Amino acid sequence: MDMTSRMSSHFDDAIDTFKASSQALADPLATAVDMAFAALVNNNKILACGNGGSAADAQHFVAELVGRFERDRLPLAGIALNTDSSIMTAVGNDYGFDHIFERQVMALGQPGDILVAISTSGNSPNVLRSIEAAHDRDMAVIALTGKGGGKIGEQLYETDIHLCVPHDRTMRIQEVHIILLHALCDGIDALLLGDSL
């Protein structure tokens with residue numbers, strides 16, 4: 001096995017995936033920026049959720065909102081639904097793991113809020129339930145998926161935004177997801193603070 005060639009192939013595949021994602025997702029990503037900005041300036045908030053690496057991405061994204069991204073600004077309202085271990089274990093124990101995000105959306109979500117739902121497969125049951133709860137609360141959804149979008153792609157409304165990475169490999173999807181979230185933060189900041197490029 002030529003390990004150098006194997007490692008090099010990761011960069012080549014990532015570059016190809018980034019290029020394909022740029023072509024497919026730049027337009028809906030721009031719409032997602034406008035949607036998120038409109039919610040935040042109208043005193044609404046962004047809820048985010050995911051499992052595993054997607055949970056880390058949700059938490060990272062919300063940290064950029066509440067803290068800052070690249071420039072100092074006022075904190076923006078965001079909550080990562082996968083960070084409160086007491087809620088997750090209580091709801092998981094009493095109702096089942098599939099309900100851990102749904103019940104938080106029911107408790108915290110208000111009309112005009114946004115749910116950022118992250119699932120590389122598009123099939124995570126607890127993320128699917130959170131989307132149902134968001135729709136029941138008149139919340140828009142920005143879904144980050146891959147692998148064709150899975151069940152989430154079928155569940156979204158026309159008013160939602162679907163950012164489906166055109167790849168089937170989880171690591172490539174996750175790599176693009178973090179760029180999408182960083183780009184979302186950059187777009188929000190550009191609208192709030194002016195274009196710094």
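**Reading the features**

Modeller: Start with a charge over a ring: arginine 103 lies over the face of tyrosine 95, at 4.1 Å from the ring centre. The term applies if NZ of Lys or CZ of Arg is within 6 Å of the ring centre and within 35 degrees of the ring normal. This is a predicted model, so local features need pLDDT of at least 70 and side-chain atom pairs count only at pLDDT 80 or more, while totals for chains, interfaces and linings use all residues. Residues are numbered from 1 along each chain as its sequence is written, and side-chain values use heavy atoms, with hydrogens and water left out.

Biologist: How many aromatic pairs does a search of the whole structure find?

Modeller: Rings of Phe, Tyr and Trp (its six-membered ring) pair if their centres lie within 6.5 Å; planes under 30 degrees apart are stacked, over 60 edge-to-face, and the rest tilted. Here the search finds zero such pairs.

Biologist: In what order do the five strands of the open sheet lie?

Modeller: Helices (H or I, at least four residues) and strands (E, at least two) are DSSP runs numbered from the N terminus, and two strands pair if DSSP finds at least two bridges between them. The order is β2-β1-β3-β4-β5, with parallel pairing. β2 (78–80) and β5 (161–164) are the edge strands, each pairing on one side only. Neighbouring strands are turned by 15° against each other on average, direction ignored; axes are lines fitted to C-alpha atoms, for helices over the stretch in contact, and angles run from 0 to 180 degrees between N-to-C directions.

Biologist: Which helices pack on the sheet or lie across its strands?

Modeller: Contact means heavy atoms within 4.5 Å. Helix α1 (residues 3–41) packs on the sheet and touches β1, β3 (114–118), β4 (140–145) and β5; its direction makes about 135° with that of β5. Helix α7 (residues 170–193) lies across β3, β4 and β5, at about 140° to β4.

Biologist: How many bridges join β3 to β1, and how many to β4?

Modeller: Four bridges join β1 to β3, and cysteine 49 has alanine 117 as its bridge partner in β3. Between β3 and β4 there are five, with valine 116 opposite isoleucine 142.

Biologist: Are the faces of β3 covered or open?

Modeller: Buried means under 20% relative accessible area, exposed over 50%, and partly exposed in between (1.4 Å probe, protein chains only). Both faces of β3 are covered: Ile114, Val116 and Ile118 are buried on one side, Leu115 and Ala117 on the other.

Biologist: Is glutamine 104 buried or exposed?

Modeller: Glutamine 104, in helix α4 (residues 102–108), counts as buried because its relative accessibility is 6%. Leaving aside neighbours within four places in sequence, glutamine 104 is in contact with Leu81, Ile87, Met88 and Gly109.
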